[in-house]
Amino acid sequence: MKTSPLPPWPADELAAMSETALQQAARIRVEQAWQRCCEVYPSLPAPTVWFNLRGASAGQAHMGHGGVRLNPVLLRENRTAFFDDVIPHEVAHWLVFHLANGTRLKPHGQEWKTVMRDLFGLVPRVTHRFDIQQAQSAPYGYHCDCRVHRFTPRRHALAVNGRSYRCRHCAKTLVYKPETAL
């Protein structure tokens, strides 16, 4: 079964949407992708949609909680790519998980690639290429001999508790400098 990608969402319409309207439109897009999956797997349960994913990940099919998590910052910054690629990517995971032996299949294995290609008409890409600077909170500045490294609160806490980090370029141990915090 070969199909075409989901119908494009008008970019100018996406660009003009408020955050609330954008999230509602993303829910509609998840439903469109789910309905496409139901064409080949009618008993597929509908996923719940959350906008609580943080960090560098654009989306996540969260099987334990029964739905799809989307990163609201990356959604806001990459609207068209989310509607064209990220949402179908995550709904493809949702479908594969619910197949027989789905829990034993590789997340980006052959079954997922087949769903992406044959059901959504998309190239199966594992990762996105979004600018994640706005999505990642990295307010802690650590220095070496060649640059300033930005640490997230989690990595900073690990460093405070004794973990040491080295620069990959100059191999010096990184040292926290509070005055370089954002």
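Helix 5 (residues 110-119) of this predicted model has as its buried residues Trp-112, Val-115, Met-116 and Leu-119, where buried means under 20% relative accessible area with a 1.4 Å probe and protein chains only. Because these residues cover an arc of only 110° around the axis, they lie on the same side of helix 5; the arc is taken from the directions from the helix axis to the C-beta atoms. Helix 2 (19-38) and helix 4 (79-98) are included in what covers them, contact being heavy atoms within 4.5 Å. Helices (H or I, at least four residues) and strands (E, at least two) are DSSP runs numbered from the N terminus. Gly-121, with a positive phi near 65°, follows helix 5.

Strand 3 (residues 67-70) pairs in the parallel sense with strand 1 (residues 48-50) over 3 bridges, pairing requiring at least two DSSP bridges. Val-49 stands opposite Val-68 in strand 3. Strand 2 (residues 59-62) pairs with strand 3 in the antiparallel sense over 4 bridges, and His-62 stands opposite Gly-67. The hairpin of strand 2 and strand 3 has 4 residues between the strands, and there Gly-66 takes a positive phi near 80°.

Residues are numbered from 1 along each chain as its sequence is written. Local features need pLDDT of at least 70, side-chain atom pairs count only at pLDDT 80 or more, totals for chains, interfaces and linings use all residues, and side-chain values use heavy atoms, with hydrogens and water left out.

Key: Buried means under 20% relative accessible area, exposed over 50%, partly exposed in between (1.4 Å probe, protein chains only).
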